[in-house]
Amino acid sequence: QVQLVESGGGLVQAGGSLRLSCAPSGTVFRILTMGWYRQAPGKQRELVATMASGGDTNYANSVKGRFTISRDNAKNTVYLQMNSLKPEDTAVYYCRLVHITGGAWGQGTQVTVSS
């Protein structure tokens with residue numbers, strides 16, 4: 001079973017930046033997509049950004065122009081660079097990996113943006 005290791009969350013002031021990273025703990029074959037979702041208190045989990053193995057990206061409208069997803073294929077690591085953070089970006093951020101036979105979620109990392 002694939003396990004994902006996330007890092008990079010924390011507390012930042014509005015306008016600041018954070019970078020999240022996520023990598024599987026073992027070998028994973030045929031990764032299709034990697035990406036990030038988030039869940040704020042009282043809200044449903046929502047897509048933030050994803051990247052397919054071929055490099056195609058998909059962003060939530062609310063983060064376009066502020067967040068950038070990137071991937072190191074050699075390390076199977078996905079990053080989320082978050083700039084110009086807003087209080088409404090406060091949430092638990094979850095890494096998501098989809099491979100040829102299934103998928104996995106990370107344990108979540110808290111991002112808190114103070115006003």
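## A first look at this predicted model

R45 lies over the face of W105, at 4.6 Å from the ring centre. A charge counts as over a ring if NZ of Lys or CZ of Arg is within 6 Å of the ring centre and within 35 degrees of the ring normal. R45 also lies over the face of Y94, where the distance to the ring centre is 3.7 Å.

Before going on, a word on how to read this: the model is predicted, so local features need pLDDT of at least 70 and side-chain atom pairs count only at pLDDT 80 or more, while totals for chains, interfaces and linings use all residues. Residues are numbered from 1 along each chain as its sequence is written, and side-chain values use heavy atoms, leaving out hydrogens and water.

**The aromatic pair**

W105 has another partner. The structure holds 1 aromatic pair, and Y37 and W105 form it edge-to-face, 5.1 Å centre to centre with 70° between the planes. Rings of Phe, Tyr and Trp (its six-membered ring) pair if their centres lie within 6.5 Å; planes under 30 degrees apart count as stacked, over 60 as edge-to-face and the rest as tilted. Y37 lies in strand β4 and W105 in strand β10 (residues 102-105), so the pair ties together parts that are 68 residues apart in sequence. Strands (E, at least two residues) and helices (H or I, at least four) are DSSP runs, numbered from the N terminus.

**Accessibility at a glance**

Buried means under 20% relative accessible area, exposed over 50%, and partly exposed in between, using a 1.4 Å probe and protein chains only.

| Residue | Relative accessible area | Class |
|---|---|---|
| H99 | 13% | buried |
| Y37 | 21% | partly exposed |
| W105 | 38% | partly exposed |
| S84 | 40% | partly exposed |
| R30 | 57% | exposed |

R30 is found in the loop between β3 and β4, and has a positive phi of about 55° although it is not a glycine. S84 sits in the loop between β8 and β9; its phi is positive too, near 50°, in a residue other than glycine.

H99 lies in strand β9. Contact means heavy atoms within 4.5 Å, and, not counting residues up to four places away in sequence, H99 touches V2, V28, F29, R30, I31 and L32. The C-alpha atoms of H99 and T33 are separated by 7.0 Å, although these residues are 66 apart along the chain.

**The core**

In soluble globular proteins, nonpolar side chains tend to be buried together. A nonpolar core is a set of buried Ala, Val, Leu, Ile, Met, Phe, Trp, Tyr and Cys residues joined through side-chain atoms within 4.5 Å. The largest one here has 29 residues, and those with the most contacts inside it are W36, V48, F67, I69, L80, M82 and Y93. Elements giving two or more residues to this core include β3 (18-24), β4 (31-39) and β5 (46-52). Its largest share, 4 residues, comes from β9. Leaving aside residues up to four places away in sequence, M82 touches G16, S17, L18, L20, R66, F67, Y93 and V111.

**An open sheet**

Four strands form an open sheet in the order β1-β3-β8-β7, with antiparallel pairing. Two strands pair if DSSP finds at least two bridges between them. The edge strands, β1 (4-7) and β7, each pair on one side only. β1 and β3 pair in the antiparallel sense over 4 bridges, and E6 stands opposite C22 in β3.
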